[in-house]
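Please look through the sequence and the model below before reading on. The questions that follow take up a few of its features in turn.

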Amino acid sequence: SAASQSDLLSMDQKVKVGAIITEKTPPLANIQFSPVVDAVVPSQIQIQDLPLDAKKLAPQLGGYGCIVFEELIAIVDQNTRKIAFVIPRWRQQSK
């Protein structure tokens, strides 16, 4: 179910994974598709691999990829192309 899928990551992991993806994966342009949990991603949209840092931080995301929108990141099951959960794009504070 959608509730259990969004619980794959703690809030802290979501923030960190979101920041890593925001930093390393540019948003796709002209996506005519809304990131909604349980929606199936159309075949013409490429699911991007998660950055290695994100996989190390959250190994439970093995088998998942992402689609980066302007303001949101959809975490997608690579096998079913279903959106597991959606997180905001977080920008890390300047160090």
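**Salt bridges, strands and buried residues**

The side chains of Asp 53 and Lys 24 form a salt bridge, at 3.5 Å from N to O, the term meaning a side-chain nitrogen of Lys or Arg within 4 Å of a carboxyl oxygen of Asp or Glu. This is a predicted model, in which local features need pLDDT of at least 70 and side-chain atom pairs count only at pLDDT 80 or more, while totals for chains, interfaces and linings use all residues. Residues are numbered from 1 along each chain as its sequence is written, and side-chain values use heavy atoms, with hydrogens and water left out.

Student: How many residues apart are Asp 53 and Lys 24?

Tutor: Helices (H or I, at least four residues) and strands (E, at least two) are DSSP runs numbered from the N terminus. Asp 53 belongs to helix 3 (residues 52-57) and Lys 24 to helix 2, and the pair links distant parts of the chain.

Student: Which side chain meets Asp 12 in a salt bridge?

Tutor: The structure holds two salt bridges, and the one at Asp 12 has an N to O distance of 3.0 Å. Both partners lie in helix 2 (residues 11-24), four residues apart, which is about one turn of the helix. The partner of Asp 12 is Lys 16.

Student: Is Ile 87 buried or exposed?

Tutor: Ile 87 lies in strand 4, and it touches Lys 14, Gly 18, Leu 72 and Ile 73, not counting residues up to four places away in sequence, where contact means heavy atoms within 4.5 Å. Buried means under 20% relative accessible area, exposed over 50%, and partly exposed in between (1.4 Å probe, protein chains only). Because its relative accessibility is 2%, Ile 87 counts as buried.

Student: Which residue in strand 4 stands opposite Ala 74?

Tutor: Strand 3 (residues 72-77) and strand 4 (residues 83-88) run antiparallel and are joined by five bridges, and two strands pair if DSSP finds at least two bridges between them. In this hairpin, which has five residues between the strands, Arg 81 takes a positive phi near 65°. The residue opposite Ala 74 is Val 86.

Student: What is the relative accessible area of Gln 48?

Tutor: Gln 48 is found in strand 1 (residues 48-49). Leaving aside neighbours within four places in sequence, Gln 48 is in contact with residues including Thr 25, Pro 26, Ile 67 and Gln 78. Gln 48 is buried, and its relative accessible area is 15%.
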